[in-house]
Amino acid sequence: EAQRTSPAYTKFVKQLLADGMIERPTHEEREEHEGWAYRATERGLAYVEGLKAVQLPVPIETATTWGIPA
């Protein structure tokens, strides 16, 4: 985590934390699993499962009619 200092990364992580999508493990858990910086919350896991359920490409119904102005 110490090497991940880009503004884009830190802003993204702060937003995920603020939205309750990830959380920091306890100090004891981090000592037990070196390099473990964050984990997904139940909300974060539900979000990922929702994304996985979306079929891509997403079908979009559109109708375009071209004409020559009179």
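Reply: Of the contacts in the protein chain that link residues at least 6 apart in sequence, 18% join residues at least 24 apart. The model is a predicted one. Its protein chain contains 3 helices and 2 strands, and along the sequence these follow the pattern α-β-α-β-α. Of the 70 residues in the protein chain, 10% are buried. The chain exposes about 6600 Å², and 58% of this area is supplied by carbon and sulfur atoms.

Now the part in question. On the surface, a nonpolar patch is formed by V54, L56, V58 and I60. Together these residues have about 430 Å² of accessible area. L56, one of the patch residues, is placed in the segment after α3, the helix that spans 42–53. The relative accessible area of L56 is 71%. Exposed means over 50%, so L56 counts as exposed. Membership of a patch asks for over 30% relative accessible area, a cut-off that the 71% of L56 also passes.

The structure holds 0 aromatic pairs. A ring does take part in another arrangement: R24 lies over the face of Y38, with a distance of 5.2 Å from the ring centre.

To return to the patch, its residues are V54, L56, V58 and I60, with L56 exposed and located after α3.

Key. Residues are numbered from 1 along each chain as its sequence is written. This is a predicted model: local features need pLDDT of at least 70, side-chain atom pairs count only at pLDDT 80 or more; totals for chains, interfaces and linings use all residues. Side-chain values use heavy atoms; hydrogens and water are left out. Helices (H or I, at least four residues) and strands (E, at least two) are DSSP runs, numbered from the N terminus. Buried means under 20% relative accessible area, exposed over 50%, partly exposed in between (1.4 Å probe, protein chains only). Contact means heavy atoms within 4.5 Å. Accessible areas come from the Shrake-Rupley method with a 1.4 Å probe; for residues, only the protein chains shown count as cover. Patches are made of residues with over 30% relative accessible area and no salt bridge: like charges are joined within 9 Å, nonpolar side chains (Val, Leu, Ile, Met, Phe, Trp, Tyr) within 5 Å. A salt bridge is a side-chain nitrogen of Lys or Arg within 4 Å of a carboxyl oxygen of Asp or Glu. Rings of Phe, Tyr and Trp (its six-membered ring) pair if their centres lie within 6.5 Å; planes under 30 degrees apart count as stacked, over 60 as edge-to-face and the rest as tilted. A charge sits over a ring if NZ of Lys or CZ of Arg is within 6 Å of the ring centre and within 35 degrees of the ring normal.
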